[in-house]
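Subject: Structure for your files, with notes

Hello,

The structure we talked about is below. Please look it over before reading the notes that come after it.

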Amino acid sequence: MGVLNALRRGLVRGADRMAEFTSKRGSRTHYKGRGAQPTGVLTSSRKFVPVQAMIPQFVVPNLEGFKLKPYVSYRTPAGTEPAVTPEGLFSETVAPQIQKDFEEGSFDKEQLEKYGFEPTQEGKLFKLYPKNFIR
Amino acid sequence: MRLTAILSMAAKAAFPKDYRYGTSRPWTIAAKRLNPPGKKRRKVFIEPIAYEDWSVFKGDTVEILSGKDKGKQGKVAQVFRHRNWVILDGLNTHFRYIGKTADYRGTYIASEAPLLIRDISLVDPTDRKPTEVEWRFTEEGEKVRVSLRTGRIVPKPVFQRRDGIVPQQWKDGPKDTSPEETLEKTYTPSLKTLEEEVMEKLGIEEPRRNRKTYWY
């Protein structure tokens, strides 16, 4: 009949061998974590020393005068904004400055850093490639 | 983008090719009884109607052209596009008992049977007679249904939400952002990432850099 047909009729027996082996399976003494990041160091005397720098902190700016709330009213009309593309971002942030400098005559091909050009990502805290921040 | 495509594929391909659709939703016991795994039934042939040519919507007034309740007009309660079915309120009914237990014979109710789109015809709102309907564009560019006999527009029924909320009459609660605040444009494009902007605003200085790591 075929393996798939037999499966559909419920005639194939056995456990799912490809299922993920989580900490919920296995014996009582089987210890397995779920992938949480450690927030400290385990010393040789089996004492756990928390390291403040490894504990994630929420950095929240002051929300005074912030008008947005968790939910949106039903009266809002539906619609979308055009997506932010690299070309759009360039034309809004950098292109007017370059245009102005070009008309004045002070545009220099070698000095593109003043418009925000980054020749390498070395030395930066948040590198764009390879991306080293979660968001 | 690819992830959403994969998820939508998973949602659509949950039914086998010869799945027999009924009036019950697919996760109910009745639908599971109708489609046990490994069943092979005679195929149901349905007239292929394109998405753009579909003319009957929930809430429309239609007239039945053939069957037990021929000539009667009713409001559409449910539409099943996969079988070209329409269920009208209180018409084309048969009677059955529901809620039957061992000692109680059950409540005798009238339950509606579905009607094919072929046996249904939309009703012209002006003279309330059945007409053929075509999709045409108005001068503004709106797609509307036009009755072929009189030439009048058959308006689309107002969509009512299942939870009974009428968006225009909604009163904002304390956690609702008003429409004006939602549509306010406060984004100023800049080349900084969000993290860099927040650090600058809060005056956080981070002179330490990550150690260089290698992967092969």
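Conventions

This is a predicted model, in which local features need pLDDT of at least 70 and side-chain atom pairs count only at pLDDT 80 or more, while totals for chains, interfaces and linings use all residues. Residues are numbered from 1 along each chain as its sequence is written, chains are lettered from A and ligands numbered from 1 in the order in which they are written, and side-chain values use heavy atoms, with hydrogens and water left out.

Chain A

Chain A has three helices and three strands, where helices (H or I, at least four residues) and strands (E, at least two) are DSSP runs numbered from the N terminus. Read from the N terminus, the order of these elements is α-β-β-β-α-α. Of the 135 residues in chain A, 9% count as buried; buried means under 20% relative accessible area, exposed means over 50%, and partly exposed lies in between, with a 1.4 Å probe and protein chains only. Among the contacts in chain A with a separation of 6 or more, 0% are between residues 24 or more positions apart. A contact here means heavy atoms within 4.5 Å.

Interface of chain A and chain B

The size of an interface is often given as the accessible area lost when the parts come together. For chain A and chain B the buried area is about 3200 Å², and carbon and sulfur atoms give 60% of that. Buried area is the accessible area (1.4 Å probe) that two parts lose on being put together, summed over both. Chain A brings 33 residues to the contact and chain B brings 38 residues.

Three salt bridges are found across the interface, a salt bridge being a side-chain nitrogen of Lys or Arg within 4 Å of a carboxyl oxygen of Asp or Glu. A:K67 and B:E184 form a salt bridge, with the closest N and O atoms 3.2 Å apart.

On the side of chain A that touches chain B, β3 (71-72) and α2 (86-93) of chain A each supply at least two residues. The largest share, three residues, comes from α2(A). By type, that side of chain A divides into 17 nonpolar, six polar and ten charged residues. Ala, Val, Leu, Ile, Met, Phe, Trp, Tyr, Cys and Pro count as nonpolar, Asp, Glu, Lys and Arg as charged, and the others, Gly among them, as polar.

There is also strand pairing between the chains: β3(A) and β11 (residues 176-177) of chain B pair in the parallel sense over two bridges. Two strands pair if DSSP finds at least two bridges between them. The bridge partner of A:Y71 in β11(B) is B:D176.

A sheet in chain B

Three strands of chain B form an open antiparallel sheet in the order β8-β9-β10. Its edge strands are β8 and β10, each of which pairs on one side only.

- β8 (residues 133-137) and β9(B) are joined by five bridges, and B:V133 stands opposite B:S147. The two strands form a hairpin with five residues between them, where B:G141 in the turn has a positive phi of about 100 degrees.
- β9(B) and β10 (residues 153-154) pair over two bridges, with B:V146 opposite B:I153 and B:R145 opposite B:V154. This hairpin also has five residues between its strands, and B:G151 in the turn has a positive phi of about 85 degrees.
- β9 (residues 143-147) is mostly covered, with four of its five residues buried.

Two loop residues

B:S55 lies in the loop between α2 (29-34) and β1 (61-64) of chain B. B:S55 counts as buried because its relative accessibility is 17%. Its side chain reaches the backbone oxygen of B:D53 at 3.3 Å. Not counting residues up to four places away in sequence, B:S55 touches B:D60, B:L122, B:V133, B:W135 and B:R145.

B:L191 is in the loop between α3 (179-183) and α4 (194-202) of chain B. With a relative accessible area of 46%, B:L191 is partly exposed. Under the rule that leaves out residues up to four places away in sequence, B:L191 touches A:L89, A:T93, A:V94, A:Y115 and A:G116.

Regards

Key
Polar contact = N/O pair within 3.5 Å; in protein donor to acceptor, adjacent residues only side chain to side chain.
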